[in-house]
Amino acid sequence: GAVSGGAGAGGGEARAGVVESAKVVGDKLKRELYKNIKDLQEDYEKKRKKALAEHSKVLDDNIRRERDAVRLAEAEKQLVLPGLKKCEEAIDASVKVRTEAAEEVTQLEAKKKKLEAELAQLKGSVAAKMGVMQQEQQKITKETEEKEAMESKTAECDRKIAQSEQREKELREELQEMERELAPCPLVEDLTPQKRREEG
């Protein structure tokens, strides 16, 4: 009974070992399966994103260009709007000025006719004054010529005066030099050795 009991116990352990082994193998296979599935999913995701990026790039570029075009057009519009308003205001202002100018033209035409009559009268006065101007210009020319001649004469006199003053200065210097050369002799007693020592 003990032997059979021992064998039965051994058989139970053997079965337990086989089950444990099978469980280890099963777990390993599952881990490999999950790993393979995960790798395949990651590979698929990479390839999917790459394919999507390649196929959507043209559309994305076009979308980006259109958005840029919209932004550019909006910016240009904002730049133009102040100018548009300014043009409209300038047109209104010019219309007002033109209307006022037309009224002034009517008034000025009447004034022009009156002034034309005055102009004819003034032309006669101008002609008379022009004759006076010519006569006075002739007098000015004559007097200017006489003035220039007198100025030339004055300059010549100034030159002669300067020359004479210079010669006088030179002669006075010569006179002083001569007076030094012909100065009176000192008294004899002033030339004694004792006197010279005292002076020295």
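**Arg71 and Asp68.** I started with arginine 71 and aspartate 68, which sit 3 residues apart in helix α1 and are therefore separated by about one helical turn. Helices here are DSSP runs (H or I, at least four residues), as are strands (E, at least two), numbered from the N terminus. The two side chains meet in a salt bridge at 2.2 Å, N to O. I count a salt bridge when a side-chain nitrogen of Lys or Arg is within 4 Å of a carboxyl oxygen of Asp or Glu. Arginine 71 is exposed because its relative accessible area is 52%, and aspartate 68 is partly exposed at 37%. My cut-offs: buried is under 20% relative accessible area, exposed is over 50%, partly exposed is in between (1.4 Å probe, protein chains only).

**What I'm working from.** This is a predicted model, where local features need pLDDT of at least 70, side-chain atom pairs count only at pLDDT 80 or more, and totals for chains, interfaces and linings use all residues. Residues are numbered from 1 along each chain as its sequence is written, and side-chain values use heavy atoms, with hydrogens and water left out.

**Arg180 and Glu177.** Next I checked arginine 180 and glutamate 177, whose side chains form a salt bridge (2.4 Å, N to O). They too are 3 residues apart in helix α1, so about one helical turn separates them. Arginine 180 is exposed at 53%, while glutamate 177 is partly exposed at 37%. Elsewhere, salt bridges with shared partners join Lys57, Asp61 and Arg64 into one network.

**Asp61 and Lys57.** I then looked at aspartate 61, which bridges to lysine 57 with the closest N and O atoms 2.9 Å apart. Both are in helix α1, 4 residues apart, about one turn of the helix. Aspartate 61 counts as buried because its relative accessibility is 18%. Searching the whole structure, I get 12 salt bridges.

**Nonpolar patch.** Leu79, Val80, Leu81 and Leu84 make a nonpolar surface patch of about 390 Å². Patch members have over 30% relative accessible area and no salt bridge; like charges are joined within 9 Å, nonpolar side chains (Val, Leu, Ile, Met, Phe, Trp, Tyr) within 5 Å. Areas come from the Shrake-Rupley method with a 1.4 Å probe; for residues, only the protein chains shown count as cover. Leucine 79 lies in helix α1 and is exposed at 70% relative accessibility.

**Overall.** I find 2 helices and 0 strands in the protein. Buried residues make up 1% of the 200 residues. The protein exposes about 18500 Å², with carbon and sulfur atoms supplying 60% of it.
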